[in-house]
Amino acid sequence: MGYRHRLGGESYHFPDLKTLLAVASSTRSGDQLAGLAAQSDAQRMAARYALADVPLRSFVQTALVPYEEDEVTRLIVDTHDANAFSPIAHMTVGEFRDWLLSHEADTVSLARIAPGITPEMAAAVSKLMRNQDMMSVARKIQVITKFRNTIGLPGCLSSRLQPNHPTDDLKGIAASTLDGLLYGMGDAVIGINPATDSVANGLALLDMLDQARQLYDIPTQTCVLTHVTNTLEIMNRGGAVDLVFQSVAGTQKANEGFGVSLAILREAHEAALALGRGTVGQNVMYFETGQGAALSAGAHHGIDQQTVEARAYAVARAFDPLLVNTVVGFIGPEYLYDGKQVIRAGLEDHFCAKLMGVPMGCDACYTNHAEVDQDDMDNLMTLLGVAGITFLIGVPGADDIMLNYQSLSFHDILTLRHMLGARPAPEFAAWLERMGLYDPLANQMRPLALEQTPLARLIGAA
Amino acid sequence: MTEHGKPVVPTNAALDEWQPLRGLTRARIGLGRSGNAQRTTDVLAFQAAHAQARDAVHAPLDVQGMERQLHGAPCLHVQSRAADRATYLRRPDLGRRLCEDSLHMLRKEEWDVVFVAADGLSSIATQTNAIPFFQAMQPLLRGWRIAPLVIATQSRVAIGDEIAQAMGARLVVMMIGERPGLSVADSLGIYLTYAPYVGCPDSLRNCLSNIHAHGMTIPVGASKLAWLMQEAERLGLTGVGLKDAAPDKVLGKNTLSLHDKDTDA
C-alpha cells in the first residue's frame, strides 16, 4: 500500500504516513541526522503532492506511535473532539491548506476547529505551506490566557524577562530584572533558568522574585524553570509558585527522558490550581518545547522532527497553559543548521501550536556553533511578530550569560513593538504607565535614568 | 578596551549610574539606547564577542600543550569517529564513539575512576581548566585507583562511557568544553557516571556546569565532585538516584530540560 506520486517521469513510493510526512518536510539537519530526510528535491515534491491528497481523516485513523505504547498518542486519540473536527472532516490536507487561507476561516471558525486538530494534521498542512501562509493563518488565531494579566490579546506582544545568572546570585538577577522592567519587559513572565536545579535554590529565587513583584505590585507572574518534581516539592514547602514549568516533548519516551509523565504534570497542575494565586485567571502552566528534543533522546519513533514536535503541543494543550514557547535555535546545528532552517522551524512551531489552540511564544535564539547570527534573529522576530506571536523572550543585550546562547535583547523587542504598533499586556501596560515608565499615547518606553525611578530599590531588596 | 567584546567603559556619561550594578552581574545591563535601538558601540561589541565565540568553537585542542601541563604524568590521546570539526558539529553520534584505532589502543585494567579531558564545543575551556581541575582532584581522592588521564578530541560527553568500558574503570569523570557564550568562552562542564556503558542514558549522570573564573571555581567544583564520587561509590549509582540523596548545596543541574540539550557537548 502506501502512497505514490509520479513526477518528472519518475514514480515515487512512500510506504507509510510517517515516511510521507518526513520526506515532505523542508530541509533540516535533524531529519538528515535521523536518516529521514528527502533524498532529493524532486522526491520531496513528490511527497508533498501525495500528502496534499491525503484525507485529514487518515490522521485520526493512523497512530504514528502505537496507542498501546505511548501515552501521548493515547492523549491525542482520547481527547480528539469529533464535533470540532466535523467541519473539516471531509477535506484533504491540500484542501485544508486552501480553507485555512480563505476568508471564511476567520478567528471564530479557527477557534471552533482547534480541539479537532491533531498535531499530525497541523504538521502535515504546514508542510504544504510557505512561510507567509503560516504567518497569515496564525495571525487570524487568538489564544487568550490569564493569570495576573491577560496574554494574547490582539495588538499585544508580551515578553518573558529572563534575568539568568551563572551562580544564581540574587542581586545579579535583580539587576537584570530591573534593566528589563525599564524596557517594559516581563508581562508574560519574569522567568529564571536556575544554574543549580534544586529545591532550596528554587525556593530562594522564587522568594526574591515574589518579594520584588509585591514590592511594586507588578501585575505579572514569576517562575523558576526548575524540574516539575522540584516545583511540586517547593509547593509542598509553601514556596511562592505562580507557574509550574516543564520542558515537554512529543512522545512518552522523550518525556521520560525529561523525567516527566502526564500523571506528574497532572499532579503539579492540580497543586498549582489549588494555590489560587492568579488574580484574573487560572492558567498556571508554562511549557517549553523545541524541534529535535525527541530525536536527541532517541525517542522520535522514526517521525520527522517537526511532526513529533507538534505532538508536544498536544501535551501542553491538555493542561491549559498560560505560556508555551519553542526554544527554536537552542538545540544546535545538528538539528537546525542555519538561519534559514531556524526561521522556518520557528514559524512552523508557532503556526502548528496556534492552530491547535496553544498560546505559543518563542525564544528566538541561537548558539555559537550554528550558522546563525543576530540578523537572522531580526528576521525571525519580525516574521513572528507579524504572525501574532504570543510572546518573545528577552535577555540583557541578547546575551544569556548562564545558558551561553543568544536570544533577543530588550531593545529588539522594544523595536519590534514599535514597528508593529504592538503593546504589552493591558494590565502590565497600565502598571508601566503608573510607574512613569511608559507613554501610552506614543506607545513608547521613556528612557529614564535610574534615579528617576523607584524601581531601583529592587536591588537593595534582593 | 573590551574584554570578550563587553564594554568596560560605558558609552555615555549618563550611564555611569549602572556601574555599581555591573559589579553584580556580567550580563549586558544598562546599555542605554538610541530610540529603541542599541548604540553603535554595543552592537560592535556584541558582534566582536560573537566572532570570538565562533573562533573558540572551531579552534583545535592543543593536545601537546595539555601534556606539558601534566609535567610527565601519564596520559593517552584518543579521537572520536568524527574526522573533522564540520562532521563533529553535524554528527553528534560520531562524536560519542571512539575511532577504531583509539579503541584498540586502550588496555583493560582495573581502575576506580578514569578522568577524560575532551574538547567538546570549546577547546579553550578544556585547554584552560581541565588539567588544573584534574590536579585539584588528586588530593581529594586518596586511595583511589585513578587511571591515566585520557585526552579526547572531536568528542562529546558519551565518549567517556566507551573509554571507561575499554579501560575497565568503574566511574568516569568527563571534563568537557561547554558551548561558548558571548561573555564566557572557557566554561568547563563535568559529568560523572557510575558503571558507564555505550548507550548509557544521560539520566544516569550527574553534572556540574559553568566551571570557569567567573562561575563555579575549580576548588569549589572539585570538592562537589569529590562528594558526588564518594556517594556514587557508597550507593553504587549516579544520576537521578544520587541527586535525590544529595544535600541541595552539592547539586549541579542534572535533570534534563530543553536547555540542557547541547551541554551534551
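**Interfaces between and within chains A and B**

Chain A and chain B bury about 5100 Å² between them, with 55% of that area on carbon and sulfur atoms; buried area here is the accessible area (1.4 Å probe) that two parts lose on being put together, summed over both. Three residues of chain A stand out: Asn368(A), His369(A) and Asn404(A) supply 14% of the area that chain A buries against chain B, more than any other three residues. This is a predicted model, in which local features need pLDDT of at least 70 and side-chain atom pairs count only at pLDDT 80 or more, while totals for chains, interfaces and linings use all residues; side-chain values use heavy atoms, with hydrogens and water left out. Residues are numbered from 1 along each chain as its sequence is written, and chains are lettered from A and ligands numbered from 1 in the order in which they are written.

In terms of contact (heavy atoms within 4.5 Å), the interface draws 72 residues from chain A and 49 residues from chain B. Three salt bridges are counted between the two chains, a salt bridge being a side-chain nitrogen of Lys or Arg within 4 Å of a carboxyl oxygen of Asp or Glu. A salt bridge joins the side chains of Glu371(A) and Arg54(B), at 3.0 Å from N to O. The interface of chain A and chain B also holds 14 residue pairs in polar contact, both residues at pLDDT 80 or more. A polar contact is a pair of N or O atoms within 3.5 Å; within protein, one must be able to donate a hydrogen and the other to accept it, and residues adjacent in sequence count only if both atoms are side-chain atoms.

Several elements of chain A each bring at least two residues to the side that touches chain B, among them α2 (29–33), α11 (170–182), α12 (199–216) and α20 (410–420). Helices (H or I, at least four residues) and strands (E, at least two) are DSSP runs, numbered from the N terminus. The largest share of that side of chain A, seven residues, comes from α11(A). By residue class, the side of chain A that touches chain B divides into 32 nonpolar, 28 polar and twelve charged residues. In this scheme Ala, Val, Leu, Ile, Met, Phe, Trp, Tyr, Cys and Pro count as nonpolar, Asp, Glu, Lys and Arg as charged, and the others, Gly among them, as polar.

Attention now turns to the inside of chain A. The domain assignment gives domain 1 (1–53) and domain 2 (145–457) of chain A, with bounds that come from an automatic or database domain assignment. The C-alpha centres of these two domains of chain A lie 35 Å apart. In chain A, 13 residues of domain 1 are in contact with 19 residues of domain 2, and the two domains bury about 1100 Å² between them, 53% of it on carbon and sulfur atoms. On the domain 1 side, Lys18(A), Arg28(A) and Ser29(A) lose the most area to domain 2 of chain A, together 43% of what that side buries.

One salt bridge is counted between domain 1 and domain 2 of chain A. Arg28(A) and Glu348(A) meet through their side chains in a salt bridge of 2.7 Å, N to O. Twelve residue pairs are in polar contact across the interface of these domains of chain A, both residues at pLDDT 80 or more. On the side of domain 1 that touches domain 2 of chain A, α1 (17–24) and α2 of chain A are the elements that give two or more residues, and α2(A) gives the most, with four residues.

Arg4(A) stands opposite His13(A) in β2(A). The two strands form a hairpin with two residues between them, and Gly8(A) in the turn has a positive phi of about 60°.

Chain B is assigned domain 1 (2–58) and domain 2 (63–263). Domain 1 and domain 2 of chain B bury about 1000 Å² between them, 61% of it on carbon and sulfur atoms. Zero salt bridges are found across this interface of chain B.

Conventions: Two strands pair if DSSP finds at least two bridges between them.
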